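Here is a predicted model, taken up in short questions and answers. Each answer sets a value against its definition.

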Amino acid sequence: MQERGNNMYCFGIDVGGTTVKCGLFQTDGTLVEKWEIPTRKENKGEYILPDVAETIQNKISEKGIDKAEVAGVGVGIPGPINAQGEAACAVNLYWGFRPVAKELSELTGLTAKAGNDANVAALGEAWKGAAAGSQNVIMVTLGTGVGGGIISDGRIVAGAHGAGGEIGHANICHEETAACNCGNSGCLEQYASATGIVRLAKKALAESSEDSVLRNTESIEAKDVLDAFKSGDALAVRVMDEVGEKLGGALGIFAAVVDPDAIVIGGGVSKAGQPLIDLIEKHYKKYAFSLCKDTPIVIASLGNDAGIYGAAKMVL
């Protein structure tokens, strides 16, 4: 492992199911260069970390960087990772248990840290994104599912099993009978994800004969519901109000635990913009503890780069 001297650089790596996003940073957070390599998942993903190590070594050589100038490499992985940088599993990479940080350190000769990708993205937004300068942040990513990350005193909350920040699987509706992908019922993900929004819209259409632009939509997607909501379609407004109540209420609970400086909303659904934030805020203020009611709720600003920023920050 390299000596910790006058480190000027670090690497941030975000491993996805299709591509591995890579970033070379200066230690002040300036992004020097970013690039991608394919995620090779054959043979149970055995090539992924060696490929990451190789692309880092190549970049060090290409830039003429002395290894002693590199503070280390951070990596975000789609799966639960504990504080020691060990992945219990990463289903999308075909991994079982893997000591990710230890392996990457041995392959590169650099200090290595590993974290869950959603937690790492939250750290990125807290460092250089929408919540820049904040030490306490809750981030929720609203995509196909609902992910999340919690930053407390500037550090990722990983928890005992690496399940810290699994906001999408908080049970927020005890009456729900439909099953979530995790096996439980009533998870936030069943309401606030893109999939959940479509599910609620189809349910509302089936339960009424009310006029709605969504009735003429052949294959409803979350964007259709959000567009209809923003244009004032009464059924879509009602559907999204339920989404806002479930999400705002859940954030009120999390805020009582974390007391964040800011709450960051990311993922594809966040592209709905300010009308979505206003909706979440309306319900959040109703449920939040008095001292947390004015916590700003903001849209993530780093996009797909949040993971590489957060991964880099882990090693600093």
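Q: Which residues of α7 meet which residues of α8?
A: Val-225, Leu-226, Ala-228 and Phe-229 in α7 meet Ala-236, Val-237, Val-239 and Met-240 in α8. Contact means heavy atoms within 4.5 Å. Helices here are DSSP runs (H or I, at least four residues), strands are runs of E (at least two), and both are numbered from the N terminus.

Q: Why are α7 and α8 called roughly perpendicular to each other?
A: Helix α7 (residues 222-230) and helix α8 (residues 234-258) pack at an angle of about 110 degrees. Angles of 65 to 115 degrees count as roughly perpendicular, under 35 as roughly parallel, over 145 as roughly antiparallel and the rest as oblique. α7 and α8 are therefore roughly perpendicular. Their axes are 8 Å apart. Axes are lines fitted to C-alpha atoms, for helices over the stretch in contact, and angles run from 0 to 180 degrees between N-to-C directions.

Q: What are the rules behind the values?
A: Residues are numbered from 1 along each chain as its sequence is written. In this predicted model local features need pLDDT of at least 70 and side-chain atom pairs count only at pLDDT 80 or more, while totals for chains, interfaces and linings use all residues, and side-chain values use heavy atoms, with hydrogens and water left out.

Q: Why is one side of β3 and of β5 left without a neighbour in the sheet?
A: Five strands form an open sheet in the order β3-β2-β1-β4-β5, with mixed pairing. β3 (31-38) and β5 stand at the edges with a single partner strand each, so one side of each has no neighbour in the sheet. The twist averages 15 degrees from one strand to the next.

Q: What makes β1 and β2 a pair?
A: Two strands pair if DSSP finds at least two bridges between them. β1 and β2 have seven bridges, in the antiparallel sense. Val-15 stands opposite Val-20 in β2.

Q: In what sense do β2 and β3 pair?
A: They pair in the antiparallel sense, over seven bridges. Cys-22 has Trp-35 in β3 as its bridge partner. The hairpin of β2 and β3 has four residues between the strands, and Gly-29 takes a positive phi near 100 degrees there.

Q: Which strands does helix α2 lie across?
A: Helix α2 (residues 48-63) lies across β1, β2, β3 and β4 (70-77), at about 140 degrees to β3. α4 lies across β1, β4 and β5, at about 105 degrees to β5.

Q: What makes a space a pocket?
A: On a 1 Å grid over the protein atoms alone, a pocket is an open set of points with protein on both sides within 12 Å along at least five of seven lines. Lining residues have an atom within 4 Å of a point. The largest pocket is lined by 44 residues, and Pro-78, Asp-117, Ala-118, Thr-141 and Gly-147 lie nearest its centre.

Q: Which element gives the most to the lining of the largest pocket?
A: α4 does, with five residues. By class, this lining has 13 nonpolar, 24 polar and seven charged residues.

Note on methods: On a 1 Å grid over the protein atoms alone, a cavity is a set of points where a 1.4 Å probe fits but cannot get out, and a pocket is an open set with protein on both sides within 12 Å along at least five of seven lines; lining residues have an atom within 4 Å of a point. Ala, Val, Leu, Ile, Met, Phe, Trp, Tyr, Cys and Pro count as nonpolar, Asp, Glu, Lys and Arg as charged, and the others, Gly among them, as polar.
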